[in-house]
Amino acid sequence: PVTVGVLALQGGVGEHIALLKKAATHIASSHGTTTSSPKGGIIEFNFVEVRTAEQLARTDALIIPGGESTTMAIVARRLGLLDPLRHFVKVDHKPVWGTCAGLVMLAEEASATKQGGQELVGGLDVRVLRNRYGTQIQSFVAELDLPFLGDGEKPFRGVFIRAPVVEEIMSRSAAGESDHVAEPAANGNSNNTTEPVQVLGVFRKPGATGEPDEDVVAVRQRNVFGTSFHPELTDDIRIHTWWLGQVLAAVRHGDLVVSKTE
Ligand code: GLN
């Protein structure tokens with residue numbers, strides 16, 4: 001099976017697992033089987049909570065949920081998980097999806113509104129701006145057009161809670177952008193030097209003046225996907241379904257080798 005983990009140090013863990021299960025059921029029912037492996041066997045999913053390095057080592061793909069990225073980083077450091085997480089994302093290149101605080105964790109850089117520096121996992125060559133829309137009580141829901149879900153899909157209800165946005169893409173591969181030199185960081189920090197950050201979703205703010213009226217709220221770079229908002233707080237399984245589809249595609253293409261017990 002493909003073991004899909006949700007990092008369970010803090011934050012919205014159960015909601016992700018519930019939606020992952022619904023998405024897997026949907027995939028299984030629409031394809032007859034979950035999917036087939038290169039050898040023709042059926043691939044199934046196994047969903048687990050990840051709290052230790054041992055559990056992470058048995059995980060093929062990971063969601064880092066929303067919550068509080070500073071807390072999550074402190075707990076991960078204490079449990080000896082930060083370096084294993086970095087290895088998972090940037091050396092093994094296993095599929096990872098971060099929602100909200102999870103997106104912050106997956107950014108190479110975060111600029112806080114008030115907070116100081118914090119440890120990150122990295123993997124996305126972006127700088128995020130934390131708490132872009134203010135405090136908890138300024139949380140909101142906005143309809144988002146997410147073309148990656150497919151043409152003609154209805155808008156996705158984006159739940160934004162103290163959400164970060166991507167304020168800069170440090171695409172090392174973008175032609176003509178020589179500010180950011182195409183050198184792997186000496187500390188192995190860069191997820192990769194060849195695959196660009198793709199913008200998968202923007203939030204167009206209604207009637208904003210004097211500031212950019214578009215925020216980048218969904219990005220992908222190679223194996224790493226991040227969203228500013230919380231699909232797990234809706235009952236819309238489309239993004240979870242899409243992401244599990246990406247995981248299965250990685251298995252089919254041989255980019256992700258899963259345990260032999262299928
Ligand atoms: N503001 C939080 C952070 O920076 C994220 C909030 C959330 O995940 N809902 O970590």
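**Group meeting talk: a walk through a predicted model**

I will start with helix α4, residues 82–90, which is mostly covered: seven of its nine residues are buried. Buried here is a matter of counting: a residue is buried if 20 or more other C-beta atoms lie within 10 Å of its own, exposed if 12 or fewer, and partly exposed in between, with C-beta atoms placed from the backbone. Helices are DSSP runs of H or I with at least four residues, strands are runs of E with at least two, and both are numbered from the N terminus.

Two remarks on the source. This is a predicted model, in which local features need pLDDT of at least 70 and side-chain atom pairs count only at pLDDT 80 or more, while totals for chains, interfaces and linings use all residues. Residues are numbered from 1 along each chain as its sequence is written.

Back to α4. Its buried residues are L82, P84, L85, R86, F88, V89 and K90. They pack against α2 (53–57), β3, α3, β4, α5 and β12. For contacts, the rule is that the C-beta atoms of two residues, placed from the backbone, lie within 7 Å.

Now the whole protein. It has six helices and twelve strands. Of its 262 residues, 42% are buried. If we take contacts between residues at least 6 apart in sequence, 70% of them join residues at least 24 apart.

Next, the core. A nonpolar core is a set of buried Ala, Val, Leu, Ile, Met, Phe, Trp, Tyr and Cys residues joined through C-beta atoms within 7 Å. The largest one has 69 residues, and the members touching the most others are M105, L106, A107, V128 and V247. Helix α6 gives the most to this core, with seven residues.

So what does α6 look like? The helix covers residues 238–252, and its 15 residues should span 21 Å at 1.5 Å a residue; the end C-alpha atoms are 21 Å apart, which agrees. The expected span is 1.5 Å times one less than the number of residues. Buried in α6 are I239, H240, W243, L244, V247, L248, A250 and V251. Leaving aside neighbours within four places in sequence, V247 is in contact with V2, V4, A61, P95 and L256.

W242 is also in α6, but W242 counts as partly exposed because it has 18 C-beta neighbours inside 10 Å. Beyond four places in sequence, W242 is in contact with F148 and L149. W242 and A23 are 219 residues apart in sequence, and their C-alpha atoms are 8.6 Å apart in space. Just after the helix, G254 takes a positive phi of about 80°.

Now the annotated positions. Which residues does UniProt list for "active site"? The unreviewed entry gives C100, H230 and E232. These span 133 residues in sequence, yet no two of their C-alpha atoms are more than 10.8 Å apart, so they gather at one spot. A caution on the record: UniProt positions are in the numbering used here, feature names are shortened, and annotations may be inferred rather than shown by experiment.

C100 lies in the loop between β4 (96–99) and α5 (101–106). With 29 C-beta neighbours inside 10 Å, C100 counts as buried.

H230 sits in the loop between β12 (224–227) and α6. H230 is buried too, with 25 other C-beta atoms within 10 Å. Setting aside residues up to four places away in sequence, H230 touches G12, G66, T99, C100, V159 and I161.

G67 is in the loop between β3 (61–64) and α3 (69–78), and E68 is in the loop between β3 and α3. Buried or partly exposed? G67 is buried, with 22 other C-beta atoms within 10 Å, whereas E68 is partly exposed, with 15. Outside four places in sequence, G67 is in contact with Q10, G11, G12, M72 and A101; E68 is in contact with Q10 and A101.

Last, the ligand. Residues around the ligand include G66, G67, E68, C100, R130 and I161, where the cut-off is a C-beta atom, placed from the backbone, within 6 Å.
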